[in-house]
Amino acid sequence: MNHNGMAGEIIQAISELQGISAKIKFKPLTRLIKDDTNNDLGNPEFFIPYQDFADIITIALYHTSFYFYEYNHEKNNLSGAHHSHEIYKLKSFEDLRGKRVGLIKGALVDRSTFERYGIFFETSYSQASLFKKLKLGRLDYVLAINLVAQDIIKKNFSNEVEDFLSIHVEGFSSPITIMIAEEQKDAYIYAKKFKEGLKTIILNGTYDKIIKKYYRSQEIPDNWFKDLEHFNQLYQTQGD
């Protein structure tokens, strides 16, 4: 995504406002998942238990949906109607029993709930690869972050965007955070600056403009700011 994506633009806006010099470095996903020798790389199974943070600040949210290729659902008689979004709903995980679901490698740490429902997973380091398999019928669904999925579909299937549909899952709201390591020099000073900067860009409208830029014609998910505050309170409580 341009400008390091939505979260990158939020960080940039806060940094410029607060006079912080921030640089975003992207690491190959394979390294993030496999390397447990460096707690800066981002493997959640490693850095959460072993690293202390001065602060964890939620700056945005991401929402996840189950994506499917409509033609394959109709072909497999999974629906008796055509082009009706109302008929595509997941009432519970029971609806996914026996289905093949693709997701990015490392995205699902605890599979126990899904496995109890007999849901089969196929993982990959490439989101584009998962969506190609979805179109070919090798997968029934791809579980993916909405903004990422929509960007991949537009880039790889520009003439078939409307054939990829999604089922929103309530409660699949997750935080995008700035995690400031306790050993970072002036960690608590930076934490305070980032918190103050986030409040300021929300109040002056900069934050809203960034969010709307990425959601474009779509509605910003309900309870965005309520969930943002919820996660920040949650991390604050855990840090006490």
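This is a predicted model: local features need pLDDT of at least 70, side-chain atom pairs count only at pLDDT 80 or more; totals for chains, interfaces and linings use all residues.

I started with the ring cluster: ring pairs tie Y67, Y69, F131, F157 and F164 together.

Next I ran the search over the whole structure, and it came back with eight aromatic pairs. One of them is F157 with F164, a tilted pair with 4.9 Å centre to centre and 40 degrees between the planes.

Are F157 and F164 buried or exposed? F157 has 7% relative accessibility, so I put it down as buried. F164 is also at 7% and therefore goes down as buried too. The cut-off I used for buried is under 20%.

Then I looked at Y215 and W224, which make an edge-to-face pair: 5.9 Å centre to centre, with 90 degrees between the planes. Both of these residues are buried.

I also checked for a charge over a ring. K105 has its charged end over the ring of Y125, at 5.9 Å from the ring centre.

The chain's average pLDDT is 81, and 76% of the residues score at least 70. Which stretches did I flag? Residues 39–44 have pLDDT below 50, and the model gives this stretch 15 contacts beyond near neighbours in sequence. Residues 77–86 also stay under 50, with 14 contacts beyond four places in sequence.

How values were computed
Residues are numbered from 1 along each chain as its sequence is written. Side-chain values use heavy atoms; hydrogens and water are left out. Rings of Phe, Tyr and Trp (its six-membered ring) pair if their centres lie within 6.5 Å; planes under 30 degrees apart count as stacked, over 60 as edge-to-face and the rest as tilted. Buried means under 20% relative accessible area, exposed over 50%, partly exposed in between (1.4 Å probe, protein chains only). A charge sits over a ring if NZ of Lys or CZ of Arg is within 6 Å of the ring centre and within 35 degrees of the ring normal. pLDDT is the predictor's confidence in each residue, from 0 to 100. Contact means heavy atoms within 4.5 Å.
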